[in-house]
Amino acid sequence: MNADVLIIGSGVAALQLAKKLRQDLNVIILTKSTIKNGNSYMAQGGIAAALGVNDHPSKHYMDTLEAGRFHNDSDAVLSLTSEAPSLIKELNQEGCLFDMDSEGAFALGMEGAHSESRIVHGGGDSTGKTVIDFMLSNKNQNVRIMENVLVFQLLINETEGSCIGVKGKDSNGVIHRFISSHVVLATGGCGQLYEYTSNADSVTGDGIALAYRAGAEIADMEFIQFHPTLLYKDGKALGLISEAVRGEGGRIVTEDGRPVMAGLHPLGDLAPRHVVSQAIFHSLEEGKSVFLDISSIENFKSRFPTITKICEQNGVDLSIGKIPVSPGSHFLMGGIKTDLLGRTSIPGLYAIGEAACTGVHGANRLASNSLLEGLYLGKRLAEWINEQPSSDPAKGLTFPETEFRCQIKESLPSIEEIKLRMMKNAGIIKTKEGLLGQLAWLKGCKIEEWIKAELDDLSIEEVTRAFMLIAAYLITDAAVRRTESRGGHFRQDYPFESHEWLGKRIIQSRKSEKDGKYEQIKAAIAT
């Protein structure tokens, strides 16, 4: 099957790209699950944009750099924050219904690490649903969506080294080839690698594993954001409690009412996410239960209908005024290394949204910059593709011989074991011993062979486990190498930021040796 543009993933970045592409282009969207089963649709918080009377993109810019611990690409941040107001206004003018105040202006909320109220919401706490439903209802006729197709291999033209398509497997196990001039990975992050997570069950690092296996550069994988407040009951994380709750006055307390954030940060409960997550983690490690006190928030149920439903479905009595919480993996700041158009190190291959690493988030993403980034990059990549001449990627098409058939299925651990080990050894607080132990375990799972294994014979579930292993390796390897703590990366043995590491990115890529018989895993620190 051929397409001019092939998009893998169906979140806000994918749909924005499809919406902005020329309508004479043949566009196919492949999604591994159903179209709405993803993080974008679940997003509660909102979209950050400097729309307030006293706000300015320069303030949004500085807040983004501060939250990212100045590991950000400043040019990328400036471009993102400058474009944010027009992106929101454009969506609104097209008919996307955001929440308004009594005077007909955008109702702007406050979230952690923001210096101004600048969070635009839709449906109270269902902003992602609002945006995705709007985009799907306004889908262009040239866009075809195919659900339940897991992409398991990028097709690389041996002659030119360019990406010219993918191989995917449908729910019946049938393999399909899709050929395209432009292949876009919009597959999201890898939150499901961890025992506790806010992420949809489909978010398992597929795009990053695909890109790494094909030879693309991967950047900053050590930077995983843990959201401070997931609903936590009976030892399980059961759903996200948006940061907007704290923006409306919610406070983090222990069972006896002691404020967890007292004296730890000038912004208190609205401190950057890594600070709050670590504080809650320490309280839980000491055997103390932690709660989000919502007793001061008027009309909680009408303001936060999605959170109310999550709590009621799990037997949490909101009349008590306290929600039990725990941190969990939420967002990947790293990913497939791209420029600000979404172009990767492989011609014809692009990445946008959480799967991509443009440098905009630095070491820790500022709240509500994620949907914004998807809107921004989707539009920018569309504008660039719209200007490109048409081409035929199938012309002179050659495929490399597979390296070997998969003979190592028995080495695949269960998804549960991957999640438990990542939470323990490469989670909120890391140590050299834990990380090296994790690398040793990954080696025992034959990680080096999985990176280059031929996957055609595997089931969808087995491919998912293999991709999770590869993403786990990339995170763990990068975390071992960064000997400091910065943003979402906290090393107990190196607890402070190091000036020597400022601005340095860990780039991981595969490189074939000249004789073609072996491959080595290269991880180079690049400034």
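Is Tyr 196 buried or exposed, and what is its relative accessibility? At 15% relative accessibility, Tyr 196 counts as buried, where buried means under 20% relative accessible area, exposed over 50% and partly exposed in between (1.4 Å probe, protein chains only).

This is a predicted model, in which local features need pLDDT of at least 70, side-chain atom pairs count only at pLDDT 80 or more, and totals for chains, interfaces and linings use all residues. Residues are numbered from 1 along each chain as its sequence is written, and side-chain values use heavy atoms, with hydrogens and water left out.

**View 1. Tyr 196 and Tyr 232 form an edge-to-face pair.** Rings of Phe, Tyr and Trp (its six-membered ring) pair if their centres lie within 6.5 Å; planes under 30 degrees apart count as stacked, over 60 as edge-to-face and the rest as tilted. Here the centres are 5.6 Å apart and the planes are at 80°. The pair links distant parts of the chain, 36 residues apart: Tyr 196 is in the loop between β9 (175-185) and α6 (206-214), and Tyr 232 is in strand β11 (residues 224-233). Helices (H or I, at least four residues) and strands (E, at least two) are DSSP runs, numbered from the N terminus. Tyr 232 is partly exposed, at 24%.

View 2. Gly 215 follows α6 and has a positive phi, near 105°.

**View 3. The charged end of Arg 365 sits over the ring of Phe 331.** That end is 4.3 Å from the ring centre; "over" requires NZ of Lys or CZ of Arg within 6 Å of the ring centre and within 35 degrees of the ring normal.
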